[in-house]
Amino acid sequence: MGRKLNISHYVLKTRVLGPFVRSALWVSGCCFNCKGCLAKEMNARAPSEADADGLAEIFAQADGTEGITISGGEPFLQADALCEMIGEIREARDYGVIAYTGFTIEELEGRNDAGTKRLLDSVDILIDGRYEAGLDDGKPYRGSSNQRILCLTERYADSYEEYYLKHGSRDMEIVIGRDFTYMVGVPSKAGLKAWEDLKRRRRRDV
Ligand code: SF4
């Protein structure tokens, strides 16, 4: 029996959370309480419980994707289960991993925890640090300037630079399903306003 993950949701394809076409997973729950956190509402909702191996099967079959971006919530609170999921995907195919975390890499390296170490070893790009609203400079892929985009392996050493230069602004996607509406990406201020307006309209429609 595989490990369980508390998740909010996932999408099978996005172009706004790193190089190439990627899947994206939002885990649920965070130990931080950053002022201005965009995931507050999501973290307050009851999580869905998912089997790590079941998720691995879904992502391993996501045609046309090069890897996955894991966000949240705080992925490193569920390091063991995420390692299991990543390990099983990589048994099936070569898959890149980008992870967002509220911890700094120094804090993660200082944790005496095997799961944390294994997850760090599995990640190709880590975007680290708490969101600081006062340091939000509108640059893409991270919320505030204290957060760093760290290439931990060679996998994206070239493609990331190219991707960053090509998509130099904050891009977002809206995914609308029958019962859900998801915003994907790190939104600009205008994008965030459009997203809030859309959510209000959808609530009125229901
Ligand atoms: S670390 Fe991320 S998810 Fe957690 S409170 Fe801060 S911004 Fe929100």
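The following legends describe close-up views of one predicted model. Residues are numbered from 1 along each chain as its sequence is written. Because the model is predicted, local features need pLDDT of at least 70 and side-chain atom pairs count only at pLDDT 80 or more, while totals for chains, interfaces and linings use all residues.

**View 1. The largest nonpolar core.** The largest nonpolar core has 44 residues. A nonpolar core is a set of buried Ala, Val, Leu, Ile, Met, Phe, Trp, Tyr and Cys residues joined through C-beta atoms within 7 Å. A residue is buried if 20 or more other C-beta atoms lie within 10 Å of its own, exposed if 12 or fewer, and partly exposed in between, with C-beta atoms placed from the backbone. L5, L82, M85 and V97 have the most contacts inside this core. Helix 3 (residues 79-92) gives the most to the core, namely 7 residues. Helices (H or I, at least four residues) and strands (E, at least two) are DSSP runs, numbered from the N terminus. In soluble globular proteins, nonpolar side chains tend to be buried together.

**View 2. The buried side of helix 2.** In helix 2 (residues 52-60), the buried residues are A52, L55, A56 and F59. They lie on the same side of helix 2 because they cover an arc of only 105 degrees around the axis; the arc is that of the directions from the helix axis to the C-beta atoms. An α-helix has 3.6 residues a turn, so residues three or four places apart point the same way. The cover over the buried residues of helix 2 includes strand 1 (4-14), strand 2 (22-27), strand 3 (48-51), strand 4 (67-71) and helix 3.

**View 3. The two sides of helix 5.** T116, L119, L120 and S122 are buried in helix 5 (residues 114-122). Their arc of only 160 degrees around the axis puts them on the same side of helix 5. A114 and D121, on the other side of helix 5, are exposed. Helix 3, strand 5 (96-100) and helix 4 (105-110) are the elements against which the buried residues of helix 5 pack.

View 4. Strand 5 is mostly covered, with 5 of its 5 residues buried. G96, I98 and Y100 point one way from the strand, whereas V97 and A99 point the other way. In a regular strand the side chains alternate between the two faces of the sheet. Strand 4 and strand 5 run parallel and are joined by 4 bridges; two strands pair if DSSP finds at least two bridges between them. In this pairing, I70 stands opposite A99. A99 counts as buried because 26 other C-beta atoms lie within 10 Å. Apart from neighbours within four places in sequence, A99 is in contact with I70, P75, V123 and L126. Two residues are in contact if their C-beta atoms, placed from the backbone, lie within 7 Å. With residues up to four places away in sequence again left out, V97 touches G67, I68, I70, I86, S122, V123 and D124.

**View 5. The shell around the ligand.** The residues around the ligand are C30, F32, N33, C34, C37, A39, G72, G73, E74, G102, R130 and Y131. The shell divides into 6 nonpolar, 4 polar and 2 charged residues. Ala, Val, Leu, Ile, Met, Phe, Trp, Tyr, Cys and Pro count as nonpolar, Asp, Glu, Lys and Arg as charged, and the others, Gly among them, as polar. G72 and G73 are joined by a cis peptide bond, with omega about 10 degrees. G73 is found in the loop between strand 4 and helix 3.

**View 6. Two residues with a positive phi.** Most residues other than glycine have a negative phi, and most peptide bonds are trans. F20, although not a glycine, has a positive phi of about 65 degrees. F20 is found in the loop between strand 1 and strand 2 and counts as partly exposed because it has 13 C-beta neighbours inside 10 Å. Y141, also not a glycine, has a positive phi of about 75 degrees. The loop that holds Y141 lies between strand 6 (125-128) and strand 7 (148-151). Y141 is buried, with 22 other C-beta atoms within 10 Å.

**View 7. The hairpin of strand 8 and strand 9.** Strand 8 (residues 173-176) and strand 9 (residues 181-184) pair in the antiparallel sense over 4 bridges. The two strands form a hairpin with 4 residues between them. T181 in strand 9 is the bridge partner of I176.

Technical notes:
A residue is near a molecule or strand if its C-beta atom, placed from the backbone, lies within 6 Å of it.
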